[in-house]
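Thank you all for coming.

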Amino acid sequence: REERLEREAQEKASSSNTTTMTTTGIGGSWNKNASAKQETYRPSRGSWGYFERPKDISKAYGGGRRVGAGYMKDAKADEDYDERIKRRMREYRSKMGIEVQSEKEYETEINEALQIAKLAMQRGIYNTAVSALEKVTQWCSSNSKVGSQVFLELAMAYEAAGRSQEAIQVYKNLSNCCVDEVKNNAKRLLYGIESFEFLKNDAQLQSFNRKKIRSTFIDATGMDNFATNFDDVYNTAYIDLSRNEYKKLTENVVRSVREARQILLQAVDSGIVSRTKIVQALRSVSRRFDEALVEEWKAAEIASKPAIMMDGKPITVAGPETSEQVDFNLAPPEIMIQNMNGEWRLQLVADRVGDGVQFYNTTLAWQVVDTTSMAFQSDQPVGFLRVGQSGKLEFEDEKRILSRTNVESTNGVLAGIFKGGGASSNRIAQQVLSVDSIVMITRCAESPRWENEDKDFFA
């Protein structure tokens with residue numbers, strides 16, 4: 001009995017000297033038994049690990065879940081744990097764009113934009129729907145419930161308005177969003193628009209010709225028309241090649257700006273190049289200039305608009321795909337002004353119809369352009385007189401229009417009696433179509449008052 005009491009006293013003293021520690025998991029505090037003998041073993045199976053471990057982990061480390069009578073749950077620790085989990089979840093949802101504060105702040109504006117877009121789409125006013133939705137995209141996220149709906153409506157408005165590239169890009173981004181319904185709808189719509197674009201591009205190939213497609217109705221009651229249903233059918237349109245108009249049309253076709261430039265360089269005198277071909281060359285340059293100018297205006301309009309953002313990235317607009325090689329490059333305004341500097345000799349003046357081509361090979365008409373001081377000097381014949389002019393120049397960058405101001409002229413009163421001619425066309429603003437180190441082609445920016453207003457005059 002004495003030995004047993006002594007042993008219990010030693011165990012009590014050793015337990016009072018131990019350090020109280022707390023586990024990281026659920027189960028409360030435990031006291032480490034330093035005097036306990038640790039019997040270890042190494043598992044015979046490799047799947048259990050190779051290193052030694054205690055045979056009784058609860059006796060060696062004192063761990064395990066504490067349940068039953070006498071265990072008190074720490075309510076404050078549980079509240080701190082729940083609050084920490086909620087805070088992390090809020091940070092995650094905010095980082096992924098599932099919950100966006102700006103959507104809550106501008107909820108009224110977003111709902112109004114969705115309503116306007118819905119009514120505009122029902123009435124076929126697609127550009128209005130696009131404009132209304134683009135104004136609220138800066139506050140929306142593609143992963144939130146409201147934001148994903150805004151972008152889906154915007155993509156459908158893009159597609160209806162004919163802006164396929166923007167629609168495809170928005171559909172692709174929505175295909176990875178967190179809202180399952182919007183994601184599935186975006187994938188289906190993306191498949192549809194990509195299929196349409198593929199078929200459209202396939203139909204533009206040279207191997208595809210609609211004229212070769214012919215739907216035939218076969219009358220099975222009589223076989224006398226069997227050959228007409230299956231034999232090749234040819235176009236039997238008749239062209240009278242004996243008439244002079246067809247020959248005149250085909251001989252004067254100008255197929256490129258480069259060919260037009262070569263024609264104008266050769267046309268130094270009457271008889272070298274036909275007047276009709278000269279006018280066709282000028283009209284070809286004028287037509288390419290108008291097309292390039294419109295494209296430049298469209299590009300400037302797109303660049304001036306603020307970029308539409310989607311999840312912090314702009315919705316870019318792909319440039320138009322051109323299968324043909326562009327043979328006309330519209331020079332920037334500063335390059336045109338630089339190329340205009342120098343002395344120029346008037347070669348010819350023509351109108352759109354072709355019956356008014358006037359050559360200046362027997363007379364001398366020249367003009368000196370100083371783009372540094374934006375001034376000019378010119379000398380040209382009008383009737384039996386020679387008229388000299390000088391003044392200032394103004395150049396409009398948007399339409400490439402060259403205007404003359406503060407013009408002073410010699411023999412101007414007498415020259416006013418004679419209409420037409422180089423000096424007459426020089427009095428009005430000129431639109432510079434093309435200019436390089438050799439040739440400059442201009443077009444009257446306004447119809448001269450002495451001629452038909454439907455004509456275009458080139459110099």
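What you see is a predicted model, in which local features need a pLDDT of at least 70 and side-chain atom pairs count only at pLDDT 80 or more, while totals for chains, interfaces and linings use all residues. Residues are numbered from 1 along each chain as its sequence is written, and side-chain values use heavy atoms, with hydrogens and water left out.

The chain has 16 helices and 16 strands, where helices (H or I, at least four residues) and strands (E, at least two) are DSSP runs numbered from the N terminus. Of the 459 residues in the chain, 29% are buried, and here buried means under 20% relative accessible area, exposed means over 50%, and partly exposed lies in between, with a 1.4 Å probe and protein chains only. If we take the contacts (heavy atoms within 4.5 Å) between residues at least 6 apart in sequence, 51% of them join residues at least 24 apart.

Now to the helix pairs. Two packed helices are described by the angle between their axes and the distance between the axes. The axes are lines fitted to C-alpha atoms, for helices over the stretch in contact, and the angles run from 0 to 180 degrees between N-to-C directions.

How do the axes of α5 and α7 cross? Helix α5, residues 107–122, and helix α7, residues 145–160, have axes that come within 11 Å and cross at roughly 30°, and the two helices are therefore roughly parallel to each other; angles under 35 degrees count as roughly parallel, over 145 as roughly antiparallel, 65 to 115 as roughly perpendicular, and the rest as oblique. On the α5 side the contact is made by Ile 110, Leu 114 and Met 121, and on the α7 side the residues include Val 146, Val 150 and Met 156. The residues of this contact divide into eight nonpolar, one polar and one charged, where Ala, Val, Leu, Ile, Met, Phe, Trp, Tyr, Cys and Pro count as nonpolar, Asp, Glu, Lys and Arg as charged, and the others, Gly among them, as polar.

The second pair involves helix α12, residues 257–266, in which Val 257, Ala 260, Ile 263 and Leu 264 are buried. Seen down the axis of α12, these buried residues fall within an arc of 115°, so they line one face of the helix; the arc is that of the directions from the helix axis to the C-beta atoms. What covers them includes α13 (275–304) and β15 (440–444). Helices α12 and α13 pack at an angle of about 140°, with their axes 9 Å apart, and that makes α12 oblique to α13.

Let me finish with the single residues. Most residues other than glycine have a negative phi. Arg 400, in the loop between β12 (385–396) and β13 (401–410), has a positive phi of about 60° although it is not a glycine, and Asn 406, in strand β13, has a positive phi of about 50°. Which of these is buried and which is exposed? Arg 400 counts as buried at 0% relative accessibility, whereas Asn 406 is exposed, with a relative accessible area of 63%.

Lastly, Asp 379 is found in strand β11, residues 375–382, and is buried, with a relative accessible area of 18%. Not counting residues up to four places away in sequence, Asp 379 touches Leu 364, Ala 365, Trp 366, Arg 386, Val 387 and Gly 388.
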